[in-house]
Amino acid sequence: MNVHNKPNAPVLDSYWMPFTANRQFKAAPRLLASAEGMYYTSTDGRTVLDGTAGLWCCNAGHGRRQIAAAVERQLTQMDFAPSFQMGHPIAFDFAERLAEIAPGPEGARLDRVFYTGSGSESVDTALKIAIAYQRAIGQGTRTRLIGRERGYHGVGFGGISVGGIVNNRRVFPQLAGADHLRHTHDLSKNAYVKGQPEHGAELADDLERLVALHGAETIAACIVEPVAGSTGVLIPPKGYLEKLRAICDRHGILLIFDEVITGFGRLGAAFATDYFGVTPDLVTTAKGLTNGAIPMGAVFASRKVQDALMHGPENAIELFHGYTYSGHPAACAAGIATLDIYRDEGLFTRGAELQDDWHAAMHSLKGLPHIIDIRTIGLIAGIELAPREGAPGARAYDVFVDCFEKGLLIRVTGDIIAFSPPLITEKKHFEDIVSILGDALKRAA
């Protein structure tokens, strides 16, 4: 028995939990003790099917011994090394492996990799790179950043400035000048769609409106999630990303895709960039980069972007930015082992193989109580519920608790249930998800 399986209940007071109603949780805690494959085990010994890949991150499932062994070897050999004006081989080895599968078409991949410690750090890094790039090419007036309503780009000041989740923005100040495109979610035209909706490509023209309002000479970059995850699986309409790319090209604006959720096989391709066939200038990643085993993120940049900064005295730091844990040796070891698993088990394309069965399973829930929309793409699903009068989010939360008690982990955001199972999932897991969720919806008030 280890310290995490003590029979007496842990003391909960000291840990200030993130994105959690702490008082509510601590009154009735839900605690996980171990994980293997597709399942968690709770501290009271119940098996819980993981419908969310942890937090969109354990794409290869849980308890991968290959990753643990690689981390152990690296920690024994060298636990930490500085990355400022120093280096260590495994960071370069990992970057080369990432470059081989980097977002974008053959011959034009975004194969320049800057390491971070998380998705939030990746976003703030990409925003800073974009502004530095514009300055390097003589466009120093371009400092404005454009995000999108209902976007989530982490919790750094840059991320909440371009993000569009109201509760992230209410308390904290944002960067001056950030502005937002309208979101693409339209239940009146696009409800119950498998894959990309037919309607809404014209919403990309909102960027032209912001160019006219602010002047292209003030805008450095536009950042969007190819598929918005944390606000409830918002899928881009057909043609939307292509139009956004064209508008950015027309006005000299860098396009950033936030692929913290969609990267590393979630849509049935290595990246959403490849799935949609639209190549941005920068891509932010984290989560599936190390299968969630050790915190790490990475920004993929085009050679055009990096090369623009590689001028001036050779002894000058080209990008005055970085983190203590950029390229952490143990994280790189975890990342290389993760890439080996993705390659050996064909997990980047598994989502494409399972997509039809997954979509059919999720859409079979149509008609159950409270459901007003179901949307699916790759191995992702969003199930939107009608909110209770005067209590938005309460119904989905009750369904979340009910499912957990019956052996299924789901994720809720407002009144939307989001699914993103590990890529090792099988059809039998879809049946369990539908059964447990369906029963919970029938019990929900």
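What follows is a short exchange about a sheet, a helix and some aromatic rings.

Colleague: What kind of model is this?
Modeller: This is a predicted model, where local features need pLDDT of at least 70, side-chain atom pairs count only at pLDDT 80 or more, and totals for chains, interfaces and linings use all residues. Residues are numbered from 1 along each chain as its sequence is written, and side-chain values use heavy atoms, with hydrogens and water left out.

Colleague: Which order do the strands of the open sheet have?
Modeller: Strands are DSSP runs of E, at least two residues, and helices are runs of H or I, at least four residues, numbered from the N terminus. Two strands pair if DSSP finds at least two bridges between them. The open sheet has four strands with antiparallel pairing, in the order 11-12-15-14.

Colleague: Which strands stand at the edges?
Modeller: Each edge strand has a single partner strand, so one side of each is left without a neighbour in the sheet. These are strand 11 and strand 14 (411-413).

Colleague: How many bridges join strand 12 and strand 15?
Modeller: Strand 15 covers residues 416-419. Ile383 stands opposite Ile417 there, and Glu384 stands opposite Ile416. The two strands pair in the antiparallel sense, and the number of bridges is four.

Colleague: Which residue of strand 12 is the bridge partner of Asp373?
Modeller: Strand 11 (residues 371-377) and strand 12 pair in the antiparallel sense over six bridges. Their hairpin has two residues between the strands, and Gly378 takes a positive phi near 55 degrees. The partner of Asp373 is Glu384.

Colleague: Is strand 12 largely enclosed or open, and how many of its residues are buried?
Modeller: Buried means under 20% relative accessible area, exposed over 50%, partly exposed in between (1.4 Å probe, protein chains only). In a regular strand the side chains alternate between the two faces of the sheet. Here Ile380, Gly382 and Glu384 are buried on one side, and Ala381, Ile383 and Leu385 on the other. Strand 12 (residues 380-385) is therefore largely enclosed by the rest of the structure, with the buried count at six of the six.

Colleague: Which residues of helix 16 are buried?
Modeller: An α-helix has 3.6 residues a turn, so residues three or four places apart point the same way. The buried residues of helix 16 are His429, Phe430, Ile433, Val434, Ile436, Leu437, Gly438, Ala440 and Leu441.

Colleague: Are the rings of Phe264 and Tyr342 stacked or edge-to-face?
Modeller: Rings of Phe, Tyr and Trp (its six-membered ring) pair if their centres lie within 6.5 Å; planes under 30 degrees apart count as stacked, over 60 as edge-to-face and the rest as tilted. The search of the whole structure finds eleven aromatic pairs. In this one the centres are 6.3 Å apart and the planes are at 25 degrees, so the pair is stacked.

Colleague: How many residues apart in sequence are the parts that this pair ties together?
Modeller: Phe264 lies in the loop between strand 8 (254-258) and helix 11 (272-276). Tyr342 lies in helix 13 (residues 329-344), so the parts tied together are 78 residues apart.

Colleague: Which residues form one aromatic cluster?
Modeller: Tyr342 and Phe348 form a tilted pair, 5.1 Å centre to centre with 40 degrees between the planes. Both are buried. The cluster is Phe264, Phe271, Phe300, Tyr342 and Phe348.
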